[in-house]
Amino acid sequence: MFQNFFPDKMVRSTYDIDFEKLYKDGVRGLIFDIDNTLVPHGAPADDRARALFRRLKDIGFACCLLSNNRARRVEMFNKDIKVNYICDARKPSRANYEKAMKLMGTDKSNTVFIGDQLFTDIYGAKRTGIANILVAPIHPKEEIQIVLKRKLENIVLYFYKNK
Ligand SMILES: [Mg+2]
């Protein structure tokens with residue numbers, strides 16, 4: 001039950017991920033959700049996000065932002081980050097996960113997806129066949145439809161943790 005939604009891995013924060021180890025393990029492309037994964041919902045890139053992407057580029061990763069949000073929001077975040085991006089991504093639809101890999105020149109074998117939502121982010125990555133990491137959302141203040149979705153997510157995660 002619910003296996004389709006189980007993340008490969010779960011961590012407290014994007015900023016806790018050992019990216020150096022991922023690179024050592026052969027990962028070359030990283031796809032990121034933005035809102036609540038890298039910064040609070042709707043926020044511009046902060047120092048922590050800027051430093052992370054500087055580090056990722058130094059390590060040698062190709063990166064792509066994959067957001068269901070509009071162009072204006074994604075471009076505002078990416079202004080100082082300057083990586084590939086796809087807005088209006090329609091996650092969990094597979095198409096733009098594929099496009100992200102094409103933009104980065106990577107494939108399913110060496111790409112990892114990082115996001116905070118099970119039913120869009122993680123489900124889409126799993127359908128596409130990409131390794132994935134679920135992170136706890138950065139900001140507790142969320143829109144009501146996301147709050148409701150979280151309750152469903154918690155049910156799935158209950159079964160995931162007890163599997
Ligand atoms: Mg998100």
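In this tour, a residue is called buried if its relative accessible area is under 20%, exposed if it is over 50% and partly exposed in between, computed with a 1.4 Å probe on protein chains only. Helices (H or I, at least four residues) and strands (E, at least two) are DSSP runs numbered from the N terminus.

The model is predicted: local features need pLDDT of at least 70, side-chain atom pairs count only at pLDDT 80 or more, and totals for chains, interfaces and linings use all residues. Residues are numbered from 1 along each chain as its sequence is written, and side-chain values use heavy atoms, with hydrogens and water left out.

**Stop 1: helix α2**

Select residues 47-59, which form helix α2. This helix has 13 residues and reaches 18 Å from its first C-alpha to its last, close to the 18 Å expected at 1.5 Å a residue; the expected span is 1.5 Å times one less than the number of residues. Colour Ala49, Leu52, Phe53 and Leu56 of α2, which are buried. Viewed down the axis of α2, these buried residues fall within an arc of 90°, so they line one face of the helix. The arc is that of the directions from the helix axis to the C-beta atoms. An α-helix has 3.6 residues a turn, so residues three or four places apart point the same way.

On the other side of α2, select Asp47, Arg54 and Asp58, which are exposed. The buried residues of α2 pack against α1 (19-24), β2, β3 and α3, where contact means heavy atoms within 4.5 Å. Just after α2, glycine 60 takes a positive phi of about 120°.

**Stop 2: strand β3 and its neighbours**

Move to residues 62-66, strand β3: 4 of its 5 residues are buried, so the strand is largely enclosed by the rest of the structure. Strand β2 (residues 29-32) pairs with β3 in the parallel sense over 4 bridges; two strands pair if DSSP finds at least two bridges between them. Within this pairing, cysteine 64 in β3 is the bridge partner of isoleucine 31. Next to be selected is strand β4 (residues 84-86), which runs parallel to β3 and is joined to it by 3 bridges. Here leucine 66 stands opposite isoleucine 86 in β4.

Two crossovers may be traced from β3. A right-handed β-α-β unit is made by β2, α2 and β3, and another right-handed β-α-β unit by β3, helix α3 (residues 71-78) and β4. A crossover is right-handed if, with the strands pointing away from the viewer, the path from the first strand over the helix to the second runs clockwise.

Within α3, select Arg73, Val74, Phe77 and Asn78, which are buried. Down the axis of α3, its buried residues fall within an arc of 125°, so they line one face of the helix. They pack against α2, β3 and β4.

**Stop 3: the magnesium ion**

Which protein donors hold positions around the magnesium ion? They are Asp33 (OD), Asp35 (O) and Asp116 (OD), lying 2.1 to 2.2 Å from the ion. Aspartate 35 lies in the loop between β2 and α2 and aspartate 116 in the loop between β5 (111-115) and α5 (118-128), so the pair ties together parts that are 81 residues apart in sequence. Donors are N, O and S atoms within 2.8 Å of the metal (3.2 Å for Na, K and Ca); water is not among the atoms, so sites may look incomplete. Aspartate 35 is buried at a relative accessible area of 8%, and aspartate 116 is buried at 2%.

**Stop 4: strand β5**

Select β5, in which 5 of the 5 residues are buried. Thr111, Phe113 and Gly115 point one way from β5, and Val112 and Ile114 the other way. In a regular strand the side chains alternate between the two faces of the sheet.

β5 pairs with β2 in the parallel sense over 4 bridges, and phenylalanine 113 is the bridge partner of isoleucine 31 in β5. A further 4 bridges join β5 to strand β6 (residues 131-135), which runs parallel to β5; isoleucine 114 stands opposite isoleucine 133 in β6.

Finally, select threonine 111, buried at a relative accessible area of 2%. Not counting residues up to four places away in sequence, threonine 111 touches Gly29, Ile31, Met101, Met104, Thr106, Ile130 and Ala131.
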